[in-house]
Amino acid sequence: MCTDIMDQEIGKLRKERWNKAFSGGSENDVVQDRNRKATIVIEHLIQASDVSHTMQHWHIYRKWNQNLFFELYHAYKQGRLEKDPSPEWYKGELAFFDYYVIPLAKKLDTCG
């Protein structure tokens, strides 16, 4: 699934597809190059829609981030999540922006 950001293998394959699509391509098959670019851009747009709350007004971000936190905390309390999300939540959010949201936005910006 293209919104599965935790799977490292999927992430690696996605980066390879991006690099192949935007590495200059071949002049022999313009249609295939255009289709490859369109496919990977759509995949990245789906990823952006999955985290769109991070790119909206502060109150929207807080609402959805709070919902996610309580969902994970509730799962922890029920024994469905091994680790309490509370202690590292703030650091995790900063890392999420630095290593996922901002690079994703920059990629989408580069492709127009």
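Predicted model: local features only at pLDDT ≥ 70, side-chain atom pairs only at ≥ 80, totals over all residues.

Residues are numbered from 1 along each chain as its sequence is written, and side-chain values use heavy atoms, with hydrogens and water left out.

**Stop 1: α1 and α2**

Select residues 8-21, helix α1, and residues 30-50, helix α2. Helices (H or I, at least four residues) are DSSP runs, numbered from the N terminus. Two packed helices are described by the angle between their axes and the distance between the axes. Axes are lines fitted to C-alpha atoms, for helices over the stretch in contact, and angles run from 0 to 180 degrees between N-to-C directions. The axes of α1 and α2 cross at roughly 135° and come within 9 Å. The pair is therefore oblique, the class left for angles that are not under 35 degrees (roughly parallel), over 145 (roughly antiparallel) or 65 to 115 (roughly perpendicular). α1 passes α2 in a left-handed crossing, meaning that the near helix is turned anticlockwise from the far one by less than a right angle, whereas clockwise is right-handed.

Now show side chains. On α1 the contact (heavy atoms within 4.5 Å) is made by Arg-14, Arg-17, Trp-18, Lys-20 and Ala-21. On α2, the residues include Arg-36, Lys-37, Ile-40 and Glu-43. The contact of α1 with α2 divides into 4 nonpolar, 2 polar and 6 charged residues. Here Ala, Val, Leu, Ile, Met, Phe, Trp, Tyr, Cys and Pro count as nonpolar, Asp, Glu, Lys and Arg as charged, and the others, Gly among them, as polar.

**Stop 2: α2 and α4**

α2 passes α4 in a left-handed crossing. Val-41, His-44, Leu-45, Gln-47 and Ala-48 of α2 make the contact with Tyr-100, Leu-104, Lys-107 and Leu-108 of α4. The residues of this contact divide into 6 nonpolar, 2 polar and 1 charged.

Centre on Leu-104, in α4. Is Leu-104 buried or exposed? Its relative accessible area is 4%, so Leu-104 is buried; the cut-offs are under 20% for buried, over 50% for exposed and in between for partly exposed (1.4 Å probe, protein chains only). Leaving aside neighbours within four places in sequence, Leu-104 is in contact with His-44, Gln-47, Ala-48 and Val-51.

**Stop 3: α3 and α4**

Select residues 58-77, helix α3. α3 and α4 pack at about 125°, with axes 13 Å apart, and α3 passes α4 in a right-handed crossing. Tyr-61, Asn-65, Leu-68, Phe-69 and Leu-72 in α3 meet Trp-89, Glu-93 and Phe-97 in α4.

**Stop 4: aromatic rings**

Select Phe-69, Phe-70, Tyr-73, Tyr-76 and Trp-89, which form one aromatic cluster. The structure holds 8 aromatic pairs, counted where rings of Phe, Tyr and Trp (its six-membered ring) have centres within 6.5 Å.

**Stop 5: two single residues**

Select Arg-34 in α2. Arg-34 counts as exposed, at 51% relative accessibility.

Finish on Gln-66 in α3, partly exposed at 43% relative accessible area. From Gln-66 to Gly-112 the C-alpha distance is 32 Å.

Definitions and conventions:
Helix = DSSP H or I, 4+ residues; strand = E, 2+ residues; numbered from the N terminus. Phe/Tyr/Trp six-rings, centres within 6.5 Å; stacked < 30°, edge-to-face > 60°.
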